[in-house]
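Dear colleague,

Please find the structure below, followed by a short account of what was found in it.

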Amino acid sequence: MTVGSLLAADLVIAVLAAAGWLGGGVASAARRRPLALGLAAFALLATLTRAVTITALARAGWWFAAEKVLIAAPLSLAAVLVAGARLLRRPGDIRSAAVPKLFAGYALSGALLVTLLHGYPASAGAGLLAVAGIVAATAVTWRVLGARPSRTVSRGAVAVAVAALVTGTGLAVTPGTVPAAAHDHEYRETRPVGEPTRRFTLTAGTTTVNVSGRDVAAWAFDGQVPGPELTATVGDVLEVTLRNRDIGRGVTLHWHGYDVPNGQDGVPGVTQAAVLPGQEFVYRFRADQVGTYWYHTHAVFDVGVRMGLYGVLVVRPAPVSGVDVTVPVHTLAGLPLPAPRTEPVRAGTPVRLRLINTDSTTHRYALAGTPFRVAAIDGSDLAGPTPLTDTAVLIPAGGRYDLVFTAPAAPVALLVDGRAVWSTGPLAAATGDWPVLDPLSYGTAEPTPWARFDRDYTLVLDRGLDLRRLLPRYAHTVNGAAEPDIPPQVVRPGDTVRFTIVNRSLVVHPWHLHGHHVLVLSRNGQPATGSPLWLDSFDVRPGDVWEVAFRADNPGMWANHCHNLPHAEAGMVLHLMYS
Ligand SMILES: [Cu+2]
């Protein structure tokens, strides 16, 4: 069982246990004896089962189980002692068993709320608030059901509830380490880039585009989705003038995967101000990295990218022979892009397909009709890629794979999630049951360039209630905090830095560090054994633990965030900053 499914199973069992106790309590109060006993027995079994799931999660990593061991386990034990013991007693008036069962239900619900609303890391404040709620709810139940606890017991309950509430609130609202203001830095260009050799102008504006015969509202560069394909040869100096015609909330250009100097990175509020209607901004950088990249707005980027403010950036070595096709996949107003295209290719011609996922979720790509190799991922060439046949690849949000093959005489087709997007001729292919390539074991290994690390950071991805804003939100969190309250990671120029990224939530988080490519060291304790993988976008699935590392060689203030853009807008953004 994967850690991701353990997390889900534990959550389901916790819900069932809480519901079972609450239902049993209500049935007892209604004097429905068989139902009450059945539900309570079921709840007792579910509560005890959690000992197994919580232990397994703790063995997989403390991050997955901290609050379950420290808060849920003691509360579950209390529930079992109070309500379970009651089950063993000689049958009397079933109604008198209602309060113990309801107490157990409150205890398990309280623990569940701690997991769902607070998550990681476990905190005494959250635990005490849960205790206060449980004691208060039990005291009220006692009254409502007309039972008469002794004066000592009721006074004791009130005292415990008040003390827990006060202490818990105090601990919960005390601010942690609030980061230094992350938004007034600006790193000036220090490297001279030379005279531009490739000049482009991109004008952002609202428009209507036609997708599969339907007119849909879009935000676009130069009126087209995707925007114009920017191409360069390695060594070129790119100058891109961004103009904003009428995108009211502003626009920027972020060069996804391109490790530009910080001032060119296009993150509003961090490296520049958003370009408002009527304004312009000029980006200039040298094209030192060969490969497949893309650009997109980083201003209100959940809406902006989804509405169409993105395009392709390809930097080729010179000279290039053969067929070279870019396939940027996107979902615009629920409709898939690009439209299917057929392009006959003469047999024997070398073909490179540059697959780009510009959506917020993973896509599955399958190339049918030919063996192929994965020549590059995220712009970096792989070492010793071997031929693959009938194998699918999963590309995370923001990620790119370059597939290469020699065109056979028979047709070849590229399918995205089962839909043909590019082909050399008619080909019906069923690719749904193909195995998926694991890039961590593909290609030829090379020694890791570093033996030791100057900095170690752990990012635990979760969900939680963020109360630090005007309106509370159910945020996507990193180490229990949401933007802008996640402390920045501080590095010195030249440091080798290791990140451990842990996903204890139930959804995939495609991780994306700006300005640097990270080398994958391991996933879930298994070292990467294939070609060195230098990634800028990788899917951290539920229960995953990724270890990646990079050299701090690009000074500035860099966004480090989830590239599922709704998650990023809901708090999952922090910054990497150079001291
Ligand atoms: Cu995410």
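The crossing of helices α4 and α5 is right-handed, a term used when the near helix is turned clockwise from the far one by less than a right angle. This is a predicted model, in which local features need pLDDT of at least 70 and side-chain atom pairs count only at pLDDT 80 or more, while totals for chains, interfaces and linings use all residues. Residues are numbered from 1 along each chain as its sequence is written, and side-chain values use heavy atoms, leaving out hydrogens and water.

Helices (H or I, at least four residues) and strands (E, at least two) are DSSP runs numbered from the N terminus. The axes of α4 (residues 98-118) and α5 (residues 124-144) cross at roughly 150 degrees and come within 9 Å; axes are lines fitted to C-alpha atoms over the stretch in contact, with angles from 0 to 180 degrees between N-to-C directions. The two helices are therefore roughly antiparallel, the term for angles over 145 degrees.

The copper ion has as protein donors (N, O and S atoms within 2.8 Å of the metal, or 3.2 Å for Na, K and Ca; water is not among the atoms, so sites may look incomplete) His-509 (ND1), Cys-562 (SG) and His-567 (ND1), at 1.9 to 2.1 Å. Because His-509 lies in strand β24 and His-567 in helix α8, the pair ties together parts that are 58 residues apart in sequence.

Terms used:
Angles under 35 degrees count as roughly parallel, over 145 as roughly antiparallel, 65 to 115 as roughly perpendicular and the rest as oblique.
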